[in-house]
Amino acid sequence: MQRAPTRSPTQPLDAEEMATRIPRSGHRGGGSSPPHREWIIASDVTAINGVIEGVVALCSGAGFSARHCRFNIPVALTEALSNAIIRGNGNDVARCVRVRSQIELAARDRTAGSSGIFATLVVEVTDEGDGFDLATAGSRPDAADWLEREDGRGVFLMQALMDRVECTRGAGAPGNTVRLVLHRT
Amino acid sequence: MSFLVVKGADALVVEVDGQLVVTNRQEFKQVVLDEVEQGARSIVVDFARSAYIDSSGLGALVSLGKRIRESGGDLRLAGLNEDLRTLFELTRLDALFPLYATRADALADATAGR
């Protein structure tokens, strides 16, 4: 990912930056592609809410449950984005966070007696930091100091509220990608 | 997202309007800590108008609860909807904070415990 120039998060973007930072949405490669949206945001936690609203709108339009839209997705995505901004990019406003969200559609197995289409939300949050290990980034409820800790619950919440959470590092490049997967129920 | 402080005879109530998340947890902590510094000991946080809380918000509550207990007070949480109760159960923080269905229930308990 290309490094953005150093700036205050409140400074206006120039035309070139606008072209890369405004949210994108639509269908890839024609009308039959699944709906998706993408953002590139500065490392500023105040940018989180706009991304969440966009992903929730995408899921609401795809028929995800009210609880998923008002609770699971906002909380898990807040954790992933704040992790990328604070832990991944170290709050460095010159570093960006890229968010790709997509609803993947697949036909159900009709031989099993079901019908219709599976819908799955896949969100990838990529920072520009030095990377971190998701497995060791948080604590667990059975840890001795769990209740008294002020931090360390973010990864646990993502895993509790999503169907799958994966973390990968870019090959030969800085950055960490957290992938959130949630099936429509 | 905003916080409203309501001072009562037996307890101080802090209403959370909107989310309690990474963007406003410091402001929330400061609002409560200022009241503790001025002598508040029995504090109720009312989440009846709150949509969700993230791990930063939970962490702020843990930190404040510890500070208030050290001052000889107590922190009660009220008005949690089903989603928020799930959050406290998942993280086992329901063992750390008394949870009440309504602000009135929390205040009644604060009065009884005086």
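A:N91 is found in the loop between helix 3 and strand 3 (96-107) of chain A, where helices (H or I, at least four residues) and strands (E, at least two) are DSSP runs numbered from the N terminus. This is a predicted model, in which local features need pLDDT of at least 70 and side-chain atom pairs count only at pLDDT 80 or more, while totals for chains, interfaces and linings use all residues. Residues are numbered from 1 along each chain as its sequence is written, and chains are lettered from A and ligands numbered from 1 in the order in which they are written. The phi angle of A:N91 is near 60 degrees, a positive value in a residue other than glycine. Most residues other than glycine have a negative phi.

B:R92 lies in the loop between helix 3 and strand 5 (99-100) of chain B, and the phi of B:R92, near 65 degrees, is a positive value in a residue other than glycine. B:R92 is exposed because it has 12 C-beta neighbours inside 10 Å.

Confidence can be read chain by chain through pLDDT, the predictor's confidence in each residue on a scale from 0 to 100. Chain B averages a pLDDT of 94, and 96% of the residues score at least 70. For chain A the average is 82, with 76% of the residues scoring at least 70. Over residues 1-20 of chain A the pLDDT is below 50, and this stretch has 21 contacts in the model beyond near neighbours in sequence; two residues are in contact if their C-beta atoms, placed from the backbone, lie within 7 Å. For the complex, the predictor gives an ipTM of 0.91 and a pTM of 0.85.

Turning to the fold of chain A, there are four helices and six strands, and from the N terminus on the elements run α-β-β-α-α-β-β-α-β-β. Of the 185 residues in chain A, buried residues make up 32%. Among the contacts in chain A with a separation of 6 or more, 63% join residues 24 or more positions apart.

The largest nonpolar core has 72 residues, and those with the most contacts inside it are A:A76 and A:L180. Such a core is a set of buried Ala, Val, Leu, Ile, Met, Phe, Trp, Tyr and Cys residues joined through C-beta atoms within 7 Å. Helix 3 (residues 66-88) of chain A gives the most to this core, with nine residues. Not counting residues up to four places away in sequence, A:A76 touches A:L157, A:M158, A:L161, A:M162 and A:L180.

Helix 3 also packs against helix 4 (residues 154-161) of chain A: their axes come within 9 Å and cross at roughly 145 degrees. Here axes are lines fitted to C-alpha atoms, over the stretch in contact for helices, and angles run from 0 to 180 degrees between N-to-C directions. In this meeting, A:N72, A:V75, A:A76, A:E79, A:A80 and A:N83 in helix 3 face A:G154, A:L157, A:M158 and A:L161 in helix 4. By class, the contact has six nonpolar, three polar and one charged residues; Ala, Val, Leu, Ile, Met, Phe, Trp, Tyr, Cys and Pro count as nonpolar, Asp, Glu, Lys and Arg as charged, and the others, Gly among them, as polar.

Between the chains, 20 residues of chain B are in contact with 22 residues of chain A. On the side of chain B that touches chain A, helix 2 (55-70) and helix 3 (82-90) of chain B each supply at least two residues, and helix 2 of chain B provides the largest share, seven residues. That side has 10 nonpolar, six polar and four charged residues.

B:S56 sits in helix 2 of chain B and touches A:S82, B:V21, B:V22 and B:R25, not counting residues up to four places away in sequence. B:S56 is buried because it has 25 C-beta neighbours inside 10 Å. The C-alpha atoms of B:S56 and B:V22 are separated by 5.2 Å, although the two are 34 residues apart along the chain.

Conventions: Buried ≥ 20, exposed ≤ 12 C-beta atoms within 10 Å, placed from the backbone.
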